[in-house]
Amino acid sequence: MVIYLDNNATTKVDDKVFDEMIPFLREEYANPSSMYEFSVKSSNAIADAREKVKEFLGAKSEKEIIFTSCGSESANTAIKGAVAHNKSKKHIITTKVEHPCVLNTYKSLEKQGYKVDYIGVNANGELDLEELKEKITDDTALVSVMWANNETGVIFPVKEIGEIIKSRNPNTLFFVDAVQAAGKINIDVKDSNIDMLGVSGHKFHAPKGIGVLYVKSNVILPPLITGGHQERGYRAGTENVPYIVGLGKAAELAQENLGFELSEVKRLRDKLETGILKNIFNARLNSSISNRVPNTTNIGFEYIEGELILLHLSDLGICASSGSACTSGSLEPSHVLRAMGTPFTSLHGSIRFSLSRFTTEKEVDFVLDKLPKVIDSITKISPYQEELEHLKKTRS
Ligand code: PLP
């Protein structure tokens, strides 16, 4: 039995997506760029998928949609392309809580002489917009922020940020990593000042290995991968037709299911969260309550280790994720939770539960039944018994 509550890591491929892909893995294998009749179905299928993604993202034209291999490639293409586009400018602004595919790209640009400012967040994970405002100068080539955070689900006010950027410096490009927002909240690039935006198929029930980069029609970026003229020269390489078809279908389904995400998935997330916070005395929410995507909750269990919790949950078939990443043998607390100033008492014991439209009430009830016992057994062997006793008294 698997109870999968790690949908921010990756999602199950929807059967409807899979069915749509099959013909393009079997009989319709033509190269879409070929000149014969056999390739028409493949090239039409790509055009159809591009149209669906255009609708999904609220783009003006299907020419603004470029298929990539993943969210990381989309971010790399956007960021490296934007600094090449704004060649004379050497300043970039981002946030302290971005995904490593963004942060590590900036680290490499810093080595090339770029100055990067990292904007902080408050204890709820919300961005300091005043700091952002102050940092934008005539030399700012690019501002990049994520739409929703992968660890906490906290949503950044992208529309407002776009307005701030363009009012300070209309030539500054704006990149949004929307990997954790797509399929969870409404995305409408038309309605904002976004120049480039990245999404990843495997976070909304398409397979791994396919992503999208939206590039506004008046922005010209050099390609990251050079070669043939596929994707209007933005991304060389024979198109991954079955995966593009799958992503198109996943985008269509995500749009259809958005209402369900915002109501039913949120209801189950809230039930899980409220139940945990009510029944486990050393549990605390690691983010703002309201300003979040509907599927994510990040909860700190004080004075105990997250990895131990995950192992116990795994024995029960429950998949969740810890806020810490295991780097070179040492346990590094999450850079997101650290940026939020999360107290050390829960920094190492933080767990992310992320639901999807396939999560059932029965699964949530199962976790609510088992988790308090798991936490209780681990809490009993914590070396911080005095502190836990004090916490119990103050919280009861
Ligand atoms: N951006 C965010 C916010 C993510 O959560 C992830 C993946 O977890 C990525 C980018 C990278 O996406 P991909 O795995 O498709 O490269």
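**Strands, cores and helices**

Author: Leu142's bridge partner in E6 is Leu173. Helices (H or I, at least four residues) and strands (E, at least two) are DSSP runs, numbered from the N terminus.

Reader: Before we go on, what are the ground rules for the model?

Author: It is a predicted model: local features need pLDDT of at least 70, side-chain atom pairs count only at pLDDT 80 or more, and totals for chains, interfaces and linings use all residues. Residues are numbered from 1 along each chain as its sequence is written, and side-chain values use heavy atoms, leaving out hydrogens and water.

Reader: Back to E5. Which way do E5 and E6 pair, parallel or antiparallel?

Author: Parallel, over 5 bridges, with E6 covering residues 173-177. Two strands count as paired if DSSP finds at least two bridges between them.

Reader: And how many bridges between E3 and E5?

Author: 3, also in the parallel sense; E3 is residues 91-95. Ile92 stands opposite Leu142 in E5.

Reader: How many of E5's residues are buried?

Author: 7 of 7, over residues 140-146. Buried means under 20% relative accessible area, exposed over 50%, and partly exposed in between (1.4 Å probe, protein chains only).

Reader: Cores next. Which residues touch the most other members in the largest nonpolar core?

Author: Leu57, Phe67, Trp147 and Leu197, out of 61 residues. Helix H7 (residues 241-256) gives the most to this core, with 8 residues. The core draws at least three residues from each of domain 1 (3-9 + 258-395) and domain 2 (15-256). Those bounds come from an automatic or database domain assignment. A nonpolar core is a set of buried Ala, Val, Leu, Ile, Met, Phe, Trp, Tyr and Cys residues joined through side-chain atoms within 4.5 Å.

Reader: What is Leu197 in contact with?

Author: Leaving aside neighbours within four places in sequence, its contacts include Leu57, Trp147, Phe175, Ile187 and Tyr214. Contact means heavy atoms within 4.5 Å.

Reader: Where is Lys63?

Author: In the loop between helix H2 (40-57) and strand E2 (65-68). Lys63 counts as exposed because its relative accessibility is 52%. Lys63 and Tyr214 are 151 residues apart in sequence, but 9.0 Å apart in space, C-alpha to C-alpha.

Reader: New topic: what is the strand order in the open sheet of 4 strands?

Author: E9-E10-E15-E12, with antiparallel pairing. E9 (283-285) and E12 (321-322) stand at the edges with a single partner strand each, so one side of each has no neighbour in the sheet. E10 (residues 296-301) and E15 (residues 350-354) are joined by 5 bridges. Thr297 stands opposite Phe353 in E15.

Reader: Helices. Where does H12 bend?

Author: At Lys370, by about 30 degrees, and Pro372 follows within four residues. The bend is the angle between axes fitted to the seven residues ending there and the seven starting there. H12 (residues 361-380) reaches 29 Å from its first C-alpha to its last, close to the 28 Å expected. That expected span is 1.5 Å times one less than the number of residues. Among the buried residues of H12 are Val364, Leu368, Leu371 and Ile375.

Reader: And what covers the buried residues of H4?

Author: The cover includes helix H3 (71-85), E3, strand E4 (115-119), E5, E6 and helix H10 (335-339). Cys101, Leu103, Tyr106 and Leu109 are among those buried in H4. Just after H4, Gly113 takes a positive phi of about 105 degrees.
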